[in-house]
Amino acid sequence: MTEFSCPFGIAEKLLREKEYLSEPDRELLVDEKILLLSGIRVYLPQFSVTVHEGIFCHRENSGVLQPEYAVSAVVDRKTGELLYDEEGDFTETVFLWKNETIPLAEIKRQMCVVEGIEVREHDNTMQTARGRGNHK
C-alpha cells in the first residue's frame, strides 16, 4: 500500500492525473440508497475525516448496482460514519460541511494524506490502474 502527502487543494487533481488500483470499495446504506465509497481516500488530520469519491446507487432485482449520481463524501476517521456528502469536488464539499466557516483558500492549503492506493512495479517502471475492487 502506498500513500503520499500534499496540499488538500491539489489532492483530487493528482488522483485524476494517474490511475490507481484502490483498496476495495465500501458500501453504506443511506436513506435506503447504497453509497459506494471509493477505496481511495484523502485523510485530513486537522478535521479527523477522510474524503472519498462516492456514487449513490440502487440495486437491481438481479443484484447488480446501478449508479445514479456521484458525490464527494466526508467520513469520520474513527467511526466510519458518513458526516456529509455533496455533488461537488473535495474542497467544496469540506467547505460546505464546515458551514463555510473556514475560508476555502485555507481548506485548500491543509496538508492531507492520500491513502488506500496500491502501486505496482513492472519492469522498473511504475504501472498504475484505477479499479473498483471487490465490494464489501
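View 1. The protein exposes about 7,900 Å². Carbon and sulfur atoms supply 47% of that area. Among contacts with a separation of 6 or more, 55% join residues 24 or more positions apart.

View 2. The protein has three helices and 10 strands. Their order along the sequence is β-α-β-β-β-β-β-β-α-α-β-β-β. Two of the helices, α1 (residues 8–17) and α2 (residues 90–97), are shown together in the next view.

**View 3. Helix α1 against helix α2.** Two packed helices are described by the angle between their axes and the distance between the axes. Here the axes of α1 and α2 come within 8 Å. They cross at roughly 140°. From α1, the residues in the contact are F8, G9, E12 and L15. They meet F90, T91 and V94 of α2. By class, this contact has four nonpolar residues, two polar residues and one charged residue.

View 4. How much of α2 is covered? It is mostly covered, with six of its eight residues buried. The buried residues are F90, T91, T93, V94, F95 and W97.

View 5. Past the end of α2, the backbone at N99 takes a positive phi. The value is about 55°.

**View 6. Confidence across the model.** The mean pLDDT of the protein is 82. A value of 70 or more is reached by 81% of the residues. Which element has the highest confidence, and which the lowest? Helix α2 is highest, at a mean of 97. Strand β10 (residues 125–127) is lowest, at 30.

**View 7. The stretch of residues 120–136.** Over residues 120–136, pLDDT stays under 50. The model still has 40 contacts for this stretch beyond four places in sequence. Where pLDDT is low, the predicted coordinates should not be read in detail.

Terms used:
Residues numbered from 1 in each chain as written. Predicted model: local features only at pLDDT ≥ 70, side-chain atom pairs only at ≥ 80, totals over all residues. Heavy atoms only, no water. Axes fitted to C-alpha atoms, helices over the stretch in contact; angles between N-to-C directions. Helix = DSSP H or I, 4+ residues; strand = E, 2+ residues; numbered from the N terminus. Contact = heavy atoms within 4.5 Å. Nonpolar A, V, L, I, M, F, W, Y, C, P; charged D, E, K, R; others polar. Buried < 20%, exposed > 50% of the residue type's maximum accessible area, 1.4 Å probe, protein only. Areas by Shrake-Rupley, 256 points an atom, 1.4 Å probe, with all protein chains shown as cover. pLDDT = per-residue confidence, 0-100.
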